[in-house]
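Welcome! Please take a moment to look over the sequence and the fold, and then let us walk through them together.

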Amino acid sequence: MSEHVQNVLTGPEVTLFTDDGSVVPGIAGVSGVSDVIDAGLEIGADRLIMQPGSAFELHTHPGAHILYVLRNRGFIHVDGVDYEMTEGDTVYVPANFAHGVRTNPDVDDVLEILAFGVPHMPVDSTKRMTLVK
C-alpha cells in the first residue's frame, strides 16, 4: 500500500495508552496516513473504536485536532458540559485543551471516530494524550 493511502476501516487495530503507559480500556485505534509538513509538523488521521461503556478520561493533546463521528452517538466533555455527538458531526479541539469523550450509555454498539491531528502522534503512542489529574 502506498504511504499516501491507508484504509482505516480494514487496517489492524492497536491498543491505546495513557501518558503513564496504562492501557485505555475498551478503546482501540487504527492508524491512518501521516506525514511531516511545513515547519516539521506532522499531520495525520486515525480511526478510534470505542466499545460501549468506554471513555477517554479528561485529557489534553500537544496539538489541535478535529474529530469526525463515523458511526453512532457519544459525548464530548468540554468546559464542564457534555455535548452529544452523532454520525456526521465534526468537533474542533484546540491544542492543550482539556476534554473527554465517552460513549452514549443508551447505545449498545461501538462509537467510531476519525481523528485528524496537527501535530499528529501515532495512535499507540504514550505521548498522544496527557490525562488531566
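**Around the cavity**

Strands here are DSSP runs of E with at least two residues, and helices are runs of H or I with at least four, numbered from the N terminus. A cavity is found on a 1 Å grid over the protein atoms alone, as a set of points where a 1.4 Å probe fits but cannot get out, and lining residues have an atom within 4 Å of a point.

Before going further, please note that this is a predicted model, in which local features need pLDDT of at least 70 and side-chain atom pairs count only at pLDDT 80 or more, while totals for chains, interfaces and linings use all residues. Residues are numbered from 1 along each chain as its sequence is written, and side-chain values use heavy atoms, with hydrogens and water left out.

How much space lies in the largest cavity? The volume is about 260 Å³, taken as the space filled by probe spheres set on the grid points, which are joined across faces, edges and corners. Of the 26 residues in its lining, Leu48, His61, His65, Ala115 and Arg128 are the closest to the centre. By class, the lining of the largest cavity has 16 nonpolar, eight polar and two charged residues. In this sorting, Ala, Val, Leu, Ile, Met, Phe, Trp, Tyr, Cys and Pro are nonpolar, Asp, Glu, Lys and Arg are charged, and the others, Gly among them, are polar.

An open sheet of six strands runs in the order β1-β2-β3-β10-β5-β8, with antiparallel pairing. Two strands pair if DSSP finds at least two bridges between them. At the edges are β1 and β8 (90–93), each pairing on one side only. From one strand to the next, the twist averages 35 degrees, an angle between N-to-C directions on a scale from 0 to 180 degrees, with axes fitted to C-alpha atoms.

On one side, β10 is joined to β3 by seven antiparallel bridges. Here Gly44 stands opposite Gly117 of β10, and Asp46 stands opposite Ala115. Seven bridges also join β5 to β10, again antiparallel, and Arg71 stands opposite Glu112 of β10.

Six of the eight residues of β10 are buried, so this strand is largely enclosed by the rest of the structure. Buried means under 20% relative accessible area, exposed means over 50%, and partly exposed lies in between (1.4 Å probe, protein chains only). Leu111 is found in β10, and Leu111 counts as buried because its relative accessibility is 1%.

The strand β3 is also largely enclosed, because seven of its nine residues are buried. Eight bridges pair β3 with β2 in the antiparallel sense, and Gly29 has Leu48 of β3 as its bridge partner. Between the strands of this hairpin lie five residues, and Ala39 takes a positive phi near 65 degrees.

**The nonpolar core**

In soluble globular proteins, nonpolar side chains tend to be buried together. Here the largest nonpolar core has 19 residues, and Phe56, Ile76, Val101 and Ile113 have the most contacts inside it. Such a core is a set of buried Ala, Val, Leu, Ile, Met, Phe, Trp, Tyr and Cys residues joined through side-chain atoms within 4.5 Å. Two or more residues each come from β2 (23–36), β3, β5, β6 (73–78), β8 and β10. The largest share, three residues, comes from β10.

**The five-stranded sheet**

Five strands form an open sheet with antiparallel pairing, in the order β7-β6-β9-β4-β11. The edge strands β7 (81–86) and β11 (130–131) each have a single partner strand, so one side of each is left without a neighbour in the sheet. Six antiparallel bridges pair β6 with β7, and the bridge partner of Phe75 is Glu84 in β7.

How values were computed:
On a 1 Å grid over the protein atoms alone, a cavity is a set of points where a 1.4 Å probe fits but cannot get out, and a pocket is an open set with protein on both sides within 12 Å along at least five of seven lines; lining residues have an atom within 4 Å of a point.
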